[in-house]
Each structure stands twice: as structure tokens, then as C-alpha cells.
Amino acid sequence: MILIGFDPGLGTTGWGVIAADGNRLSHVANGQIKTEPSMELSRRLYLLHSALAEIIRTYRPEGAAVEEVLGNSNAQSTLKLGQARGVVLLAAALAEVSVGEYHPSIVKKAVVGTGGAEKRQVQAMVKVLLPGAKLSGPDAADALAVAVTHAHHLASARAMRRVVA
């Protein structure tokens, strides 16, 4: 199963594609989509959507996952992040890919073992869980962590269905 994870942001959106075969995970690709702060907001969102649509077309994921937005003290930054996240959700929906949504602490716990892990700990564990992955940057590492979290949750859901049946 091919899964794609997203770490949304208006300046930089990270993406990561993995293959999940049972409990085996392998790295397929990762990257970062950057937009220029000097551009008009609508243009930045359009460019983000276009890049996401191309990535989804290229890798044809069977499932997607996105990190939830954490509010912060700067309302304007939170709003822009929410708009970028909306574009990510829209791109997946238009491609008819179902999306799992995960709080950052759930992602950290799934990958590192503790919900309070630091960014560099997440990056280090992504390299351990996906040997050979060359990370395009911290946002791409976070996106791969989201994809790994989704793979674990899907595997757990399948196991629970087998137990119930």
C-alpha cells in the first residue's frame, strides 16, 4: 500500500511517500514545496495545490495523512497555516484519496515513543524506520513521520477487525 503524509505550511509544505507491506515500511520519496512570501496569498495557495496534485498523480497513494494544526500566539500565522492545510485536504479529496488526520503529539508518540519529542528526535527515528531515506528537510521528515503514523494506525485497525471477526 502506498501512503503519503503531509506537514502543511504556507512557506513550506513537507510531503513523504512510503510503501507499507504489513508491518514493513519502506521509503519511496519525500520533498518540500516552497512558496515565496512576497507572492500574493491566492497565488501561493494555487502553486501549493498544483504541486500537491502533481505529486499525488505521480505516486498514486491509496491513503493520505496530514498533521493537524496547532494554534499559536500569532493568529495570522495560524490562519495561513490553516489555509495551507485546507489546500492539502482539497488536493487529496479531488484525487479521491481518503485522509487520516493526526495531532502532532500522536505523530511524535508513534514514531519516537513520546508525545513530547523534539524535531531532531523525529528526524532521527524516521531515518531508523525508513533506512536509506535521504530527507529533503525537516518538513519532509515530519511528513514521513505522519505517513508512518498513518501506516501504524491502519495496521492496528486491520488487526482489530480480524480480532472482532
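Start with helix H1: it lies across strands S1, S2 and S3, running at about 155° to S3. Helices (H or I, at least four residues) and strands (E, at least two) are DSSP runs, numbered from the N terminus. Contact means heavy atoms within 4.5 Å, while axes are lines fitted to C-alpha atoms, for helices over the stretch in contact, with angles from 0 to 180 degrees between N-to-C directions. You're looking at a predicted model, where local features need pLDDT of at least 70, side-chain atom pairs count only at pLDDT 80 or more, and totals for chains, interfaces and linings use all residues. Residues are numbered from 1 along each chain as its sequence is written, and side-chain values use heavy atoms, with hydrogens and water left out.

Now for the sheet. Five strands make up an open sheet with mixed pairing, and their order is S3-S2-S1-S4-S5. At the edges sit S3 and strand S5 (99-102), each of which pairs on one side only. From one strand to the next, the twist averages 20°. Two strands count as paired if DSSP finds at least two bridges between them. S1 and S4 run parallel and are joined by four bridges; here Ile-4 stands opposite Ala-64 in S4. Four bridges also join S4 to S5, again running parallel, and Ala-65 stands opposite Gly-100 in S5. What do the two faces of S5 carry? Gly-100 and Tyr-102 are on the covered face, and Val-99 and Glu-101 are on the uncovered one.

Next, look at what gets packed away. In soluble globular proteins, nonpolar side chains tend to be buried together. Buried means under 20% relative accessible area, exposed means over 50%, and partly exposed is in between (1.4 Å probe, protein chains only). A nonpolar core is then a set of buried Ala, Val, Leu, Ile, Met, Phe, Trp, Tyr and Cys residues joined through side-chain atoms within 4.5 Å. The largest one here has 20 residues, and Ile-4, Phe-6, Trp-15, Ile-33, Leu-48 and Leu-52 have the most contacts inside it. At least two residues of this core come from each of S1 (2-7), S2 (12-21), S3 (24-34), H1 (41-59), S4 (63-67) and helix H2 (75-94). Apart from that core lies another, with 19 residues, including Tyr-102, Val-107, Val-111 and Ala-147. If you zoom in on Phe-6 and skip its neighbours within four places in sequence, its contacts include Trp-15, Leu-52, Ala-64 and Val-88.

So much for the cores; on to the annotated residues. An unreviewed UniProt entry lists Asp-7, Glu-67 and Asp-139 for "active site". These three span 133 residues in sequence, yet no two of their C-alpha atoms are more than 11.1 Å apart, so they gather at one spot. The lining of the largest pocket takes in Asp-7, Glu-67 and Asp-139. On a 1 Å grid over the protein atoms alone, a pocket is an open set of points where a 1.4 Å probe fits, with protein on both sides within 12 Å along at least five of seven lines; lining residues have an atom within 4 Å of a point. For "binding site", the unreviewed UniProt entry lists Asp-7 and Asp-139. Keep in mind that UniProt positions are given in the numbering used here, feature names are shortened, and annotations may be inferred rather than shown by experiment.

Where do these residues sit? Asp-7 lies in S1, and at 7% relative accessibility it counts as buried. Not counting residues up to four places away in sequence, Asp-7 touches Thr-12, Thr-13, Gly-14, Glu-67, Asp-139, Asp-142 and Ala-143. Asp-139 belongs to helix H5 (residues 138-164) and is buried too, at 19% relative accessibility.

Glu-67 is part of S4. Is Glu-67 buried or exposed? With a relative accessible area of 14%, Glu-67 is buried. Beyond its neighbours within four places in sequence, the contacts of Glu-67 include Phe-6, Asp-7, Arg-85 and Tyr-102. Leaving aside its own neighbours within four places, Arg-85 is in contact with Pro-8, Val-66, Glu-67, Glu-68, Val-69 and Glu-101.
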